[in-house]
Amino acid sequence: MLILHCPYCGVMADETELHGGGEAHLTRHGPGSSDEEFHDYLFAKENPRGVHFERWRHVNGCGKWFHAARDTATLEVFGTYSAQTTEPPQAIRDAITARRPGWTWRHLAGSAK
Amino acid sequence: MSEAASALDGASFEGLVRVADAGLRGMVTLRGDLGADALHAAVKQVSGCDMPGQRKITAAGDSAVAWMAPDEALLLCPHGQADATCAALARALDGVHHLAVNVSDARATFALEGDDGALREVLAKLAPADLSAEAFGPGDFRRTRLAQVPGAFWMPRQGAARVICFRSVAQYMFDLLTTAAAKGSGVGYFQA
């Protein structure tokens with residue numbers, strides 16, 4: 001069972017109170033983009049075994065979207081943070097580095113130990 | 001003019017606790033920046049209640065104000081005063097970005113009364129929320145789900161709780177609460 005802290009209402013929300021919103025920090029490509037960019041935006045998603053960044057919505061609660069950083073294999077949650085950002089904050093990256101030295105995710109990487 | 005009626009017309013049930021349709025309740029959704037002084041002043045002026053903090057509910061007389069989200073509050077008032085409350089909010093917040101809507105008839109309210117431990121147990125059987133006395137008590141407000149539908153509850157005092165949900169699922173909610181409160185189904189988890 002996944003339990004995430006909602007940064008908007010402060011609840012430790014059980015997975016059943018939440019709705020997953022897929023991969024976080026996507027760059028949207030729409031009109032004016034190339035076919036390849038649009039294809040990658042729609043279909044080329046990360047599916048890592050390990051550190052992952054996701055969007056979640058506290059649907060049976062305050063209704064707000066937020067971001068979560070977690071490990072897909074162990075379900076360890078490194079932290080949750082505001083939806084109003086395009087990159088994970090440094091505190092979240094540090095928390096991941098402390099637990100998973102040398103982690104990488106798309107263009108992001110933590111420092112090695 | 002048809003007369004307003006609550007969803008279950010006063011249905012009630014006696015079990016571990018008493019579960020009853022709490023009748024018509026005026027409800028006004030107010031959206032805006034809850035941190036803004038203008039909203040604090042307008043809520044105080046219209047309802048007599050202070051703006052509640054995160055996951056809190058404040059009450060004064062017949063009115064109460066519940067924290068729903070960082071940008072949403074729910075004003076509770078007598079059913080007949082909801083339109084007047086909306087109009088008063090619109091006057092008080094003239095020129096301030098906000099939304100105030102009368103949602104009274106979109107909702108159903110249930111009253112649970114009885115032993116405090118049994119009451120917490122009935123809610124805890126249905127919602128993934130911490131109902132222990134240390135985590136939740138009078139003055140707190142929790143939006144969550146009850147079994148398969150969204151709902152919210154608070155405790156006006158020890159041994160009493162109010163549950164609100166969408167009116168369309170009122171019968172489902174009543175059935176849930178009465179099943180969770182069925183005689184002989186007590187677990188005693190919250191007994192001191």
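A:E17 is buried, with a relative accessible area of 0%. The structure described here is a predicted model. Residue A:E17 lies in the loop that connects β2 (12-14) to β3 of chain A. Its side chain and that of B:T144 are joined by a polar contact of 2.6 Å. When neighbours within four places in sequence are set aside, the contacts of A:E17 in chain A are with A:V11, A:R57, A:H58, A:V59 and A:N60. In chain B, A:E17 is in contact with B:P128, B:R142, B:R143, B:T144 and B:R145.

Strand β5 (residues 65-71) of chain A is joined to the antiparallel β6(A) by 4 bridges. Within this pairing, A:A69 has A:G79 of β6(A) as its bridge partner.

The cysteines were examined next. A search of the whole structure, over all chains, finds 0 disulfides. For A:C6, the nearest cysteine sulfur is that of A:C62, at 3.6 Å, and A:C6 is in no disulfide. A:C6 is buried, with a relative accessible area of 0%. A:C9 is likewise in no disulfide, and the nearest cysteine sulfur to it, that of A:C6, is 3.7 Å away. A:C9 is also buried, its relative accessible area being 4%.

In chain B, attention falls on helix α2 (residues 82-92), whose buried residues are B:A82, B:T85, B:C86, B:A88 and B:L89. These residues cover an arc of only 165° around the axis and therefore lie on the same side of α2(B). An α-helix has 3.6 residues a turn, so residues three or four places apart point the same way. The buried residues of α2(B) pack against β3 (26-31), α1 (37-47), β6 (72-77) and β7 (99-102) of chain B. On the face of α2(B) turned away from the buried side are the exposed residues B:D83 and B:R91.

Technical notes: Residues numbered from 1 in each chain as written. Chains lettered and ligands numbered in written order. Predicted model: local features only at pLDDT ≥ 70, side-chain atom pairs only at ≥ 80, totals over all residues. Heavy atoms only, no water. Pairing = 2+ DSSP bridges. Helix = DSSP H or I, 4+ residues; strand = E, 2+ residues; numbered from the N terminus. Disulfide = S-S within 2.5 Å. Buried < 20%, exposed > 50% of the residue type's maximum accessible area, 1.4 Å probe, protein only. Arc of directions from axis to C-beta. Contact = heavy atoms within 4.5 Å. Polar contact = N/O pair within 3.5 Å; in protein donor to acceptor, adjacent residues only side chain to side chain.
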